[in-house]
Each structure stands twice: as C-alpha cells, then as structure tokens.
Amino acid sequence: MLDPLILLALMAVGMLAGFVDAIAGGGGMITVPALLSAGLPPVAALATNKMQSVVGTGMAVFTYWRRGFIALRDLLPAIALTFAGSSLGAFTVSRVDVSLLTVAVPVALIAIALYFLFAPKLSDADKAARLPFRRFVPAMGFVIGFYDGIFGPGTGAFFTVGFVVLFGLGLTRATGSTKALNFTSNLAALVIFIPGGHVVWPVAIVMAIGQIIGGYLGARTGIRYGAKIIRPLVVVVSIALAIKLLLFP
C-alpha cells in the first residue's frame, strides 16, 4: 500500500505528463521515473505507465477528434496495423537484442529536433503529400507500432514527423493523428500487461485521473496555439529524450 501523499503526488505527475504528451509526446519520460521512485518494480512501472497513459492519450484523441483535427475514418486501416505492429513488437521484445536502439534512437530524436527547429515552413497548414495517405500511413503505423512494442521512446515524435514530412499534414492535424496511433500502440501493449497481472491498479487509477485533466488541457492548448507551441515543445521533448537515453539507457 502506498502512502496517500505519494498517490496524490503521482496524480499530479500524471496531469503534467498528460499535458506534455497531448502536445508533443514523451510523457513517459516524466511518469516512468516517478513510478520507479515510488518503489514499483520495473515491469510493474512500465505496465502501470501504459495503463495510466492510455487514459490521457484517449482524452487527447477525443478532444482533437471533436475539434476536427483527426479523420478517424481515414486512419482506421493505420489503427489496425499499428495495433498489429505493437502487439508483434511486444511479443518479440524478449527474443531480440535491442541494444543497438539505445544509440540509434537518440540520434534519430536529435535529427527530428533539428528538423523541427530549423525547417522554415512548418505550420498548421496542410501541404502536398509526398506519399499517398491511405496506402502508406498503415505501413508507417505498423513499423512505428512495432518499434513502440519493442522499445518505445520517441514514438510520438516519429509519428509526428512522418505525418508532416511524408503526408503533408499541418502540425496540429499531425499531432492529433499521432495521438490516435499512439493510443492504439499503447492499448496493444496492455493486452499483454493486464492478463499478466503487472498493472498496479490503485496507482494507475489515480494517475489516470491526472492524465484525463492533463490530456484535455494539453490538447486544448495544442489546438489553440497550434504550431507556435507544438514546434518548440517537440524540439525540447526530443532533445530531452535523446539525452536521457544516452546518459541513462
């Protein structure tokens, strides 16, 4: 049993993480260390983190969709393949060596941060797509979903840059679509974690309450300010994730 004050602090952590995650992703960078500091074993911390984060991401998805920034019908094939890819990644994780990712992923995140920092034309306006949306977004969903199941950090940044660079979405629409696919990949991991009994439910519930509040406020902030806040926050979160992975793999 955890002290009520610790549970209250974890609720506040969930709210902060939900706010950041709804705009730029990377909420796990805040919640996982907090869960480990509260005394949860690593597997329980990861499982509980997925459970509470899926609630906040779900709230963000609902808010972006309600405001017209997610075309769910167009994303349905990608949602299905993201779920399949994430499930396969979670199933495969114990059978492959992922040590190379601890170097490759930070390099990719720094490249994403530099792109968002220096690309002069990033805005909320849609642009011409380099690839057909309906044909290639499901493929992207499967590949990044697989990565999320097998490793995870930076998934939101990879989805966002894919939607912007390959499919021409403006930053706010790209963020909304990213949340929809990120929600799906997290849900796939829970299919494995929940039956395994790894979720610490009292912690997950109180943090989920914070996530609902933070996810809603973060999505509303992203919608209101658009590229003005999404762009710098993606840069900050990507660099912070890269530093964390390089120094504390």
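Predicted model: local features only at pLDDT ≥ 70, side-chain atom pairs only at ≥ 80, totals over all residues.
## Second largest pocket

The second largest pocket holds about 220 Å³ of space. Its lining has 16 residues. Nearest the centre lie Tyr115, Lys121, Leu122, Lys127 and Val164.

## Largest pocket

By class, the lining counts 22 nonpolar, 18 polar and four charged residues.

H1, H2, H3, H6, H7 (155–165), H8 and H10 (227–247) each give at least two lining residues. H3 provides the largest share, with seven residues.

## Helix H2

Helix H2 spans residues 28–37. Its buried residues are Thr31, Val32, Ala34 and Leu35. These four cover an arc of only 165° around the axis, so they sit on the same side of H2. Their cover includes helix H1 (4–24), H3 and helix H9 (201–225).

After H2 comes Gly39, with a positive phi near 105°.

## Salt bridges

Side chains of opposite charge can pair when their charged atoms come close. The count for this model is four salt bridges. Three of them are described here, each with its place in the chain.

Asp148 and Lys50 form one of these bridges, at 3.7 Å from N to O. Asp148 lies in helix H6 (residues 133–150), and Lys50 lies in helix H3 (residues 42–66). The two are 98 residues apart, so this pair links distant parts of the chain. Are Asp148 and Lys50 buried or exposed? Both are buried.

Arg134 pairs with Asp74, and their closest N and O atoms are 2.7 Å apart. This bridge also joins distant parts of the chain: Arg134 is in H6, Asp74 is in helix H4 (residues 72–92), and 60 residues separate them. How accessible are the partners? Arg134 has a relative accessible area of 61%, which is over 50%, so this residue counts as exposed. Asp74 has a value of 28%, between the 20% and 50% limits, and therefore counts as partly exposed.

Asp126 and Arg173 meet at 2.4 Å, N to O. Asp126 sits in the loop between helix H5 (101–118) and H6. Arg173 sits in helix H8 (residues 171–193). The pair is 47 residues apart and again links distant parts of the chain. Asp126 is partly exposed, because its relative accessible area of 42% falls between 20% and 50%. Arg173 is partly exposed too, with 28%.

Notes: Residues numbered from 1 in each chain as written. Heavy atoms only, no water. Salt bridge = Lys/Arg side-chain N within 4 Å of Asp/Glu carboxyl O. Buried < 20%, exposed > 50% of the residue type's maximum accessible area, 1.4 Å probe, protein only. Arc of directions from axis to C-beta. Contact = heavy atoms within 4.5 Å. Nonpolar A, V, L, I, M, F, W, Y, C, P; charged D, E, K, R; others polar. 1 Å grid on protein atoms, 1.4 Å probe; cavity = no way out; pocket = protein on both sides within 12 Å on 5 of 7 lines; lining within 4 Å. Points joined across faces, edges and corners; volume = space filled by probe spheres on them.
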